[in-house]
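Welcome! Take a moment to turn the model around, and then let us walk through a few of its residues together.

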Amino acid sequence: MNDAHTSLPTEQPWTREEFEAQLRAKGSGYHIHHPFHVKMNQGQLRPDQIRTWVANRFYYQIRIPQKDAAVMANCPDREIRRRWIHRMLDHDGYGENEGGIEAWAELGVAVGIPREDLWSLKQLAPGVRFAVDAYVNFARQAPWQEAVCSSLTEMFAPRIHKDRLANWPQHYPWIEAEGFNYFRSRISLAERDVEHGLQVTLDHFTTKAAQLRALEILQFKLDVLWSMLDAIEKANP
Ligand SMILES: O=C(O)c1cc(C(=O)O)c2c(n1)C(=O)C(=O)c1cc(C(=O)O)[nH]c1-2
């Protein structure tokens, strides 16, 4: 094991601010820097490659509420559950709100994927299924605070959604504008989610060893997202 990930029981923990800065520094490994994502944002992907990305990312979208249900199922704290349940509703929708999964399906239509094709998962690459399932299984099996910590890649998500909104319309004028609603909707939701996720993480991981564990968990989640893009890139070079 790397020295950076071990600590003596007596070692001083980072302060709350230092710990948050360490978590945020993990952004250097976010999938925004993956070569496939860089190409996507620079307008270098063919329409069929955009479709491969949208079809595969759909699997992440439909599994996220199950991941959040696992966090809820493992969490005995009513106050946490009262806030966490919004994540499931955001994606599944409720009442008149169609939700994020539907917004992603509209992105699918906007890039030329018929709904039945998207829902059939026939384009799903095995590596994407594997990576996303690893995330859901982690949330099922880990203590709920660890699962909360693993959601903190969302700290880096508002930037990625804003970049897509800024760049896609000019690079990919063939995509119908309604397709971008998902990205727009996630900016404020991600900010709200991160505020709560960070609060739980900063409150729970208070020894140095625990703080180092939190960084490992965040790395695991960064690896999930990175592996998804590796598999997507390979599925349609
Ligand atoms: O488009 C992206 O790059 C991206 C990344 C992430 C992320 O960092 O996990 C999420 C999302 N989008 C997203 O839309 C979303 O709803 C979401 C929920 C979660 C989570 O871990 O609970 N991550 C993400």
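## Around K221 and its charged neighbours

Apart from residues within four places in sequence, K221 touches Y60, Y135, S150, S151 and T153. Please keep in mind that this is a predicted model. K221 belongs to helix 11, which covers residues 208-235. Is K221 buried or exposed? With a relative accessibility of 1%, K221 is buried, because buried means under 20%. K221 and G27 are 194 residues apart along the chain, and their C-alpha atoms are separated by 11 Å.

One of the partners of K221 is S151, so let us look at that residue next. S151 sits in the loop between helix 8 (144-150) and helix 9 (157-171). S151 is buried as well, with a relative accessible area of 4%. Which residues does S151 contact, if its neighbours within four places in sequence are set aside? They are K67, W84, R87, Y135 and K221.

Now to the charges. Side chains of opposite charge can pair when their charged atoms come close. The structure contains 18 salt bridges, and three of them are listed here.

| Salt bridge | N to O distance |
|---|---|
| R186 and E154 | 2.7 Å |
| D193 and R192 | 2.7 Å |
| R213 and E216 | 3.6 Å |

The side chains of R186 and E154 meet in a salt bridge. R186 is in helix 10 and E154 is in the loop between helix 8 and helix 9, so this pair ties together parts that are 32 residues apart in sequence. Both R186 and E154 are buried.

In the pair of D193 and R192, D193 is buried, with a relative accessible area of 4%, whereas R192 is partly exposed at 31% relative accessibility. A network of salt bridges links R87, D90, E154, R186, R192 and D193.

R213 and E216 both lie in helix 11, three residues apart, which is about one turn of the helix. R213 is partly exposed, with a relative accessible area of 33%, and E216 is partly exposed at 28%.

Which residues form a negative surface patch? E96, E98, E106, E176 and E178 do. Among them, E178 lies in the loop between helix 9 and helix 10 (181-204), and E178 is partly exposed, at 49% relative accessibility.

Definitions and conventions:
Residues numbered from 1 in each chain as written. Predicted model: local features only at pLDDT ≥ 70, side-chain atom pairs only at ≥ 80, totals over all residues. Heavy atoms only, no water. Helix = DSSP H or I, 4+ residues; strand = E, 2+ residues; numbered from the N terminus. Buried < 20%, exposed > 50% of the residue type's maximum accessible area, 1.4 Å probe, protein only. Contact = heavy atoms within 4.5 Å. Patch = residues over 30% accessible without salt bridge, like charges linked within 9 Å, V, L, I, M, F, W, Y side chains within 5 Å. Areas by Shrake-Rupley, 256 points an atom, 1.4 Å probe, with all protein chains shown as cover. Salt bridge = Lys/Arg side-chain N within 4 Å of Asp/Glu carboxyl O. Lys, Arg positive; Asp, Glu negative; His and termini not counted. Charge placed at Lys NZ, Arg CZ, Asp CG, Glu CD.
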